[in-house]
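Thanks for coming, everyone. Please bring up the chain on your screens, and we will walk through it together.

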Amino acid sequence: PTMVSAAIEIPALPEELASMKDEGNEFFRSGEYLKAAGSYTKAIKNAGKDAAERVELAPVFSNRSASFLKLCKVKQALADADVCVKLRPDWEKSHFRRGMALEANGEDNDAIAAFEAALKTATGASNPEITRRIKHLKAKIRPSNIHVPKAKVPTKSDVSSTSTGPAGDPKWLLTAKSPGEPVAARIAAVNQVGGWLQSHLERAIRKTPGESEWFFEDKEVVAYLDAGVYGSMLDVLTHTVWSIIDAEQKGTEEGALKAKAGADLAGAAAGVLHNLIHPSLRAWNTRGQTQALLMTLQQVLQMPGCPLMHEKGVKVQQSDEVRQFTALAAKILSNPGALAVLTGHHTIARARLQLLRAIVQNGKKATDEKATAQLRQSSMAVVLLQRCRVAGGYVDGSNPAPAWEPVLDRLLDDEGADEMRAEVEAVFEQHNLLASAFVKFGFEGSVGL
């Protein structure tokens with residue numbers, strides 16, 4: 001290869017910054033990559049606003065890029081590598097860091113180009129690791145080259161109404177969830193939620209579902225779903241069922257009365273939950289892009305590198321499998337249209353319905369591998385998409401701004417992975433109970449269970 005000569009004069013790194021860099025190096029060598037990244041960041045911040053223009057800081061950006069890559073923060077690793085290339089285009093390590101980040105991001109062809117650029121530097125030809133990486137990439141066939149469908153946010157419905165449906169009252173949810181309130185008051189609150197929902201369902205029936213705005217995009221429906229109506233009703237059902245079991249075990253007349261009242265409350269909550277899920281049946285077959293996106297995301301969540309595929313307590317490994325999962329998840333969620341569609345309530349409702357159906361199917365055939373896989377896929381999808389929906393904070397205090405990077409960063413952290421694994425387990429347990437309630441109260445047929 002043609003060698004790139006070293007023609008850039010490199011000033012010495014100031015003593016204070018060199019000390020911070022050395023501290024980061026010690027952390028990196030001991031495997032404390034987060035602390036290492038922190039030390040390098042401290043050096044960069046102390047260098048001033050022009051840090052990204054100072055050639056002597058290239059090694060600091062290079063080392064932070066390596067730390068970010070160890071933490072599976074691929075986007076940040078690539079950004080630092082790009083700074084290195086700009087500051088030191090003659091330096092082997094600049095291009096090597098960029099190649100490593102690009103490979104982790106699933107951009108194999110660009111990674112090969114970066115490694116070949118490293119090979120052309122003055123010292124690159126003597127580094128066998130560069131040649132090895134190039135050979136590895138050229139020989140590699142990525143097994144999960146998943147196609148991400150194009151996506152756009154649902155448009156305004158062709159059938160519009162001059163009036164809007166009623167707003168849901170947060171006080172109903174608070175009363176319904178409060179064990180200290182009389183059961184009659186809690187049932188009344190759940191029925192008020194049911195009445196609100198019925199009025200919106202009646203309005204939705206007059207519209208044709210499709211790729212346009214429909215029930216799940218109705219302004220007031222979205223607002224109440226974001227206020228937690230589904231989760232509140234699920235909490236009511238879960239708590240009430242356990243209260244019924246406790247009351248029945250006492251074997252007293254008072255316990256029998258409490259159990260009967262609890263059954264009325266559980267039935268009312270199950271009815272609301274049924275009516276919140278049911279519209280996804282009518283809209284689903286008309287939403288081709290939503291079907292394709294959810295199916296693709298669930299395939300990615302089933303990859304061996306997804307931390308949610310492992311038991312609680314299993315450390316997140318910095319492996320090729322994890323990096324491949326990260327790259328593919330980012331490929332899907334970084335598409336603004338796909339993120340908007342996937343974090344929409346119609347998609348989350350459908351994932352819930354898929355979970356309920358898988359639970360019922362799994363109960364009928366304990367060895368049904370397809371149903372077992374769907375259990376995992378749907379539970380993980382519900383948790384991931386609910387988190388993404390609110391990860392960007394709130395606009396105007398109430399409208400969530402979807403974001404994916406904070407969620408993926410949390411998932412790739414050992415503590416965050418365990419936190420989300422626990423959420424997946426909780427989602428499954430609550431929907432397992434809900435599936436039983438649908439059967440008990442006669443709702444299973446109309447949602448395809």
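Let's start with one side chain. Phenylalanine 216 is buried, at a relative accessible area of 4%. Buried means under 20% relative accessible area, exposed means over 50%, and partly exposed lies in between, with a 1.4 Å probe and protein chains only.

Before going on, some ground rules. This is a predicted model, so local features need pLDDT of at least 70 and side-chain atom pairs count only at pLDDT 80 or more, while totals for chains, interfaces and linings use all residues. Residues are numbered from 1 along each chain as its sequence is written, and side-chain values use heavy atoms, with hydrogens and water left out.

Back to the rings. Two rings of Phe, Tyr or Trp (its six-membered ring) pair if their centres lie within 6.5 Å; planes under 30 degrees apart count as stacked, over 60 as edge-to-face, and the rest as tilted. How many aromatic pairs does the structure hold? Six. Take phenylalanine 28 and tyrosine 33: the ring centres are 5.1 Å apart and the planes stand at 65°, so this pair is edge-to-face. Phenylalanine 28 is partly exposed at 25% relative accessibility. Tyrosine 33 is partly exposed too, at 22%. Now phenylalanine 215 and phenylalanine 216. Their ring centres are 5.0 Å apart with planes at 80°, so this pair is also edge-to-face. Phenylalanine 215 is buried, at 2% relative accessibility. There is a cluster as well: ring pairs link Trp172, Trp196 and Tyr224.

Phenylalanine 215 turns up again in a cavity lining. What is a cavity here? On a 1 Å grid over the protein atoms alone, it is a set of points where a 1.4 Å probe fits but cannot get out, and lining residues have an atom within 4 Å of a point. Grid points are joined across faces, edges and corners, and a volume is the space filled by probe spheres set on the points. The count is one cavity of 30 Å³ or more. The largest cavity has a volume of about 40 Å³. Which residues line the largest cavity? They are His200, Arg203, Ala204, Lys207, Trp214, Phe215 and Asp218.

Next, charges. A salt bridge is a side-chain nitrogen of Lys or Arg within 4 Å of a carboxyl oxygen of Asp or Glu. By that rule there are 22 salt bridges. I will show three of them.

One joins lysine 86 and glutamate 53, with the closest N and O atoms 3.3 Å apart. It links distant parts of the chain: lysine 86 sits in helix α4, glutamate 53 in the loop between α2 (33-46) and α3, 33 residues apart. Helices here are DSSP runs (H or I, at least four residues), numbered from the N terminus. Lysine 86 is partly exposed at 48%, and glutamate 53 is exposed at 58%.

Another joins lysine 73 and aspartate 409, with the closest N and O atoms 3.7 Å apart. Lysine 73 lies in the loop between α3 and α4, and aspartate 409 in helix α19 (residues 405-411), 336 residues apart. Aspartate 409 is partly exposed, at 27%.

Then there is aspartate 226 with arginine 389, at 2.8 Å between the closest N and O atoms. Aspartate 226 is in helix α10 (residues 219-226), arginine 389 in helix α18 (residues 369-390), 163 residues apart. Aspartate 226 is partly exposed at 22%. Arginine 389 is buried at 12%. There is also a network, where salt bridges that share partners join Arg387, Arg410, Asp413, Glu415, Glu419 and Glu423.

Now the backbone. Most residues other than glycine have a negative phi. Cysteine 72 has a positive phi of about 65°, although it is not a glycine. Where is cysteine 72 found? In the loop between α3 (58-70) and α4 (74-87). Cysteine 72 is buried, at 3% relative accessibility.

Last stop, helix α14. Residues 288-301 make up this helix of 14 residues, and it reaches 20 Å from its first C-alpha to its last, close to the 20 Å expected at 1.5 Å a residue. That expected span is 1.5 Å times one less than the number of residues. The buried residues of α14 include Leu293, Leu294 and Leu297.

Methods: Helix = DSSP H or I, 4+ residues; strand = E, 2+ residues; numbered from the N terminus. 1 Å grid on protein atoms, 1.4 Å probe; cavity = no way out; pocket = protein on both sides within 12 Å on 5 of 7 lines; lining within 4 Å.
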